[in-house]
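Hi,

Here is the structure I promised to pass on.

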Amino acid sequence: MQPRIYVGRGMHESQFALLKYTIFWVLLLASKFLFSFYVQIKPLVKPTKDIMSIQHVEYAWHEFFPNAQNNYCAVGALWAPVLMVYFMDTQIWYAIFSTLYGGIVGAFDRLGEVLISFILF
């Protein structure tokens, strides 16, 4: 039971508002994952396989890799920036989607008409 002075008492979102919120995030994440897969991840699969197929590696800096049998460090160096961008670009996608969604909602709610009429006249 909530106390009588609870500010948010009786305030609930409608099912339609929750559906719009869910659709927003599903579209945002689907766009992010598809774009990231086709632009960031898929082009690196073949180079990764090529690097891993090299059997004997002669490193110039043998102190760092004295008994290197595989190319895990080279693959890690190839994938590290891609993974960092992959995890960080959700903010960029959110900014794009929220701008587009806000513009569409504002246009349908006619929020800019008063400002435009004030500027024009």
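First, the housekeeping. This is a predicted model, so local features need pLDDT of at least 70 and side-chain atom pairs count only at pLDDT 80 or more, while totals for chains, interfaces and linings use all residues. Residues are numbered from 1 along each chain as its sequence is written, and side-chain values use heavy atoms, with hydrogens and water left out.

On the fold: the protein chain has four helices and zero strands, so reading from the N terminus you get α-α-α-α (helices are DSSP runs of H or I with at least four residues, strands are E runs of at least two, numbered from the N terminus). Of its 121 residues, 14% count as buried (buried is under 20% relative accessible area, exposed is over 50%, partly exposed is in between, with a 1.4 Å probe and protein chains only). The accessible surface comes to about 10,500 Å², and carbon and sulfur atoms hold 71% of that (Shrake-Rupley method, 1.4 Å probe; for residues, only the protein chains shown count as cover). Among contacts with a separation of 6 or more, 69% are between residues 24 or more positions apart (a contact means heavy atoms within 4.5 Å).

UniProt, in an unreviewed entry, lists residues 21-41 as "transmembrane region" (positions are in the numbering used here, feature names are shortened, and annotations may be inferred rather than shown by experiment). In the model that span is 100% helix and 0% strand, with its end C-alpha atoms 28 Å apart.

Then there is the largest pocket, with a volume of about 160 Å³. For the record, a pocket is an open set of points on a 1 Å grid over the protein atoms alone, where a 1.4 Å probe fits and protein lies on both sides within 12 Å along at least five of seven lines; lining residues have an atom within 4 Å of a point. Points are joined across faces, edges and corners, and the volume is the space filled by probe spheres set on them. The lining consists of Lys20, Ile23, Phe24, Leu27, Phe97, Leu100, Tyr101 and Ile104, with α1 (15-53) and α3 (90-108) each supplying at least two residues. By class that makes seven nonpolar, no polar and one charged (nonpolar: Ala, Val, Leu, Ile, Met, Phe, Trp, Tyr, Cys and Pro; charged: Asp, Glu, Lys and Arg; polar: the others, Gly among them).

Now the single residues. Gln40 sits in α1 and counts as buried because its relative accessibility is 13%. Leaving out neighbours within four places in sequence, Gln40 is in contact with Phe35, Val82, Val85, Tyr86 and Asp89. Two of these partners are worth a look.

Val82 belongs to α2 (residues 72-88) and is buried too, at 17%. With the residues up to four places away set aside, Val82 touches Gln40 and Leu44. The C-alpha atoms of Val82 and Gln40 are separated by 6.6 Å, although the two are 42 residues apart along the chain.

Asp89 is in the loop between α2 and α3, and at 7% relative accessibility it counts as buried. Beyond four places in sequence, Asp89 touches Lys32, Ser36 and Gln40. Its C-alpha atom is 9.1 Å from that of Ser36, 53 residues away along the chain.

Lastly, Ile54 lies in the loop between α1 and α2 and is partly exposed, at 45%.

Cheers
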